[in-house]
Amino acid sequence: MKGVFLDFATVASDTLDVSPLTKLVPDLELYDHTPIERLGERVRDCEFVFTNKARISAGLQAESPKLRFIGLTATGVDNVDVAAAR
């Protein structure tokens with residue numbers, strides 16, 4: 001299973017133990033920050049996406065046929081097109 005954390009630095013990456021998460025998503029890539037122009041290439045082949053600030057638009061979801069889970073590490077869902085996610 002392939003996954004990506006798009007903006008890991010926003011959740012105190014120097015102190016957070018991700019080993020429980022990597023047990024569930026063994027092929028997890030952690031990026032401190034993902035510029036908007038790199039979102040597509042980082043998400044496209046993933047089943048799992050974790051984000052705090054990066055926007056997961058309907059277009060990005062449509063371009064990512066393997067995507068099954070979007071995990072938010074923030075409050076609210078304004079950075080995810082929820083209708084498209086359904």
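Begin by selecting Asp 7, His 33, Thr 34, Pro 35, Ile 36, Leu 39, Gly 40, Lys 53, Ala 54, Arg 55, Ser 57 and Leu 60, which line the largest pocket. A pocket here is an open set of points on a 1 Å grid, with protein on both sides within 12 Å along at least five of seven lines, and lining residues have an atom within 4 Å of a point. This pocket holds about 160 Å³ of space, the volume being the space filled by probe spheres set on the points.

The model is predicted, so local features need pLDDT of at least 70 and side-chain atom pairs pLDDT 80 or more, while totals for chains, interfaces and linings use all residues. Residues are numbered from 1 along each chain as its sequence is written, and side-chain values use heavy atoms, leaving out hydrogens and water.

Next, select Phe 5, Phe 8, Phe 48, Phe 50 and Phe 69, which ring pairs link into a cluster; rings pair if their centres lie within 6.5 Å, and planes under 30 degrees apart count as stacked, over 60 as edge-to-face and the rest as tilted. Now keep Phe 48, which is buried at 18% relative accessibility, and Phe 69, which is partly exposed at 38% (buried means under 20%, exposed over 50%, partly exposed in between, with a 1.4 Å probe).

Key
1 Å grid on protein atoms, 1.4 Å probe; cavity = no way out; pocket = protein on both sides within 12 Å on 5 of 7 lines; lining within 4 Å. Phe/Tyr/Trp six-rings, centres within 6.5 Å; stacked < 30°, edge-to-face > 60°.
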